[in-house]
Amino acid sequence: MEAPPPPPTLRDQLAASWRAWIGSDLEPTGPSWLQWMWTLLVCAGIALVFTLLNLAFNIGRRPELWLDAGWWWRAYRANFVITLVISILIHLLFMVLIPWVTPRRIRRFSPAQRAVFFTAVPLSGLVVGWPLGVWLVSQAGLGWMRVNATAVAGSAVLGLVISFIIFLVFNAKAQQALAEKRAAEAQLRLLQGQIEPHFLFNTLANVVALIDYEPRQAKQTLTAFTDYLRASLGGLRRDAVPLADELALAEAYLRVQASRMEDRLHYTLQADDDTRGALMPPLLLQPLVENAVLHGLEPSLQGGTVQVTARQQGEHLLIEVRDDGCGLGASRRSGNGIALENLRERLRQRWGPRASLTLTAAEPGTRAELRLPLETS
């Protein structure tokens, strides 16, 4: 085990929030006002681009516009208002539709369905927001209706071009997310599907040794080991499992280890009833329990106790694995950082900074806390 990682810096938080905004994440990172700030800044940039385009179309006939501060103000103000209206509508549509459709259902969309969804929403905002924005900046109430046909056609073509670009961006994002998800799943199956040889051989050797003089205990050990294999391999075939399944896997693992360590290992598992149905990626809890046994209790002559507790805290699920063994110093020397780094990487890929794993000294022993967004079926 290792010391808890340093908290993310302001720069890291801003970068994560920007990536969530530009990637149109289903569950954006950071406060909602920060997502609105990115919308406002992008509006300002797009309005500047349209103002420069307007200047380029007119500079040949009116070269004095380049130095006309009044024209710059009027042109930028008009473009900013129109762009802002469109962006606000798109932002609000996403805020309403994503919770209504639900992020979990959207994640199951095919690439084509996802592209259609993330293109239709901006296009709807564009269709409604463009005339509304033009009306707001016009001198008369319905002045936008008197715009010449060339301007209307140009606006329509521009809207289609913007929508096509949005389609390409979100389709590429969807393909990238799908490829990353498949790669992560393949890596998980590769790593977790290979049972550690020493654990497998030690368990089987222990069963063989018990058959002659403790056949009942040998049967119990083999049953627990079979339950462990069934639970671990079954979880690999699913994207998410309920907490109850993770607790069952942890209990099967602890039963196997208890049969080997006998009185040197004790354990308890507790979870509130309303958290047992909470969903989480498979095989998140088992590495923490394994670390508590192998790096906390096994090096200790007297052994100790592993306590696993789960509870709801606001919109998060808190899972705590605590042991009263050797503590962080001894476990850090034994070297188990790779498993924890892999676990943190899985959390980062799925939830970003909204999920965390922290390890602290428990006096005696070590306390690991897994903090996840609360998701239910």
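**A walk through the predicted model**

L283 is buried, because its relative accessible area is 3% (buried means under 20% relative accessible area, exposed over 50% and partly exposed in between, with a 1.4 Å probe and protein chains only). L283 lies in the loop between β3 (279–280) and α10, where helices (H or I, at least four residues) and strands (E, at least two) are DSSP runs numbered from the N terminus. The phi of L283 is near 60 degrees, a positive value in a residue other than glycine.

This is a predicted model, in which local features need pLDDT of at least 70 and side-chain atom pairs count only at pLDDT 80 or more, while totals for chains, interfaces and linings use all residues. Residues are numbered from 1 along each chain as its sequence is written, and side-chain values use heavy atoms, with hydrogens and water left out.

The protein chain as a whole has twelve helices and seven strands. It has 377 residues, of which 37% count as buried. Among the contacts in the protein chain with a separation of 6 or more, 73% join residues 24 or more positions apart (contact means heavy atoms within 4.5 Å).

Helix α2 covers residues 32–58. Its 27 residues should span 39 Å at 1.5 Å a residue, and its end C-alpha atoms are 39 Å apart, which agrees; the expected span is 1.5 Å times one less than the number of residues. The buried residues of α2 include W38, T39, C43, F50 and N58.

T39 is placed in helix α2 and counts as buried because its relative accessibility is 5%. Leaving aside neighbours within four places in sequence, T39 is in contact with W21, S87 and H91. With H91 there is also a polar contact, side chain to side chain, at 2.8 Å. A polar contact is a pair of N or O atoms within 3.5 Å; within protein, one must be able to donate a hydrogen and the other to accept it, and residues adjacent in sequence count only if both atoms are side-chain atoms.

Two packed helices are described by the angle between their axes and the distance between the axes. The axes of α2 and helix α3 (residues 69–101) come within 8 Å and cross at roughly 140 degrees. Axes are lines fitted to C-alpha atoms, for helices over the stretch in contact, and angles run from 0 to 180 degrees between N-to-C directions. The angle makes α2 oblique to α3: under 35 degrees counts as roughly parallel, over 145 as roughly antiparallel, 65 to 115 as roughly perpendicular and the rest as oblique.

A second pair is formed by helix α9 (residues 243–261) and helix α10 (residues 285–297), which pack at an angle of about 20 degrees with their axes 9 Å apart. α9 and α10 are therefore roughly parallel to each other. Residues making the contact include L247, Y253 and M261 of α9, and L285, V289 and L297 of α10. The 19 residues of α9 should span 27 Å at 1.5 Å a residue, and its end C-alpha atoms are 26 Å apart, which agrees. Just after α9, E262 takes a positive phi of about 55 degrees.

Finally, L200 is found in helix α7 (residues 197–213). L200 counts as partly exposed because its relative accessibility is 25%. L200 and F225 are 25 residues apart in sequence, and their C-alpha atoms are 9.0 Å apart in space.
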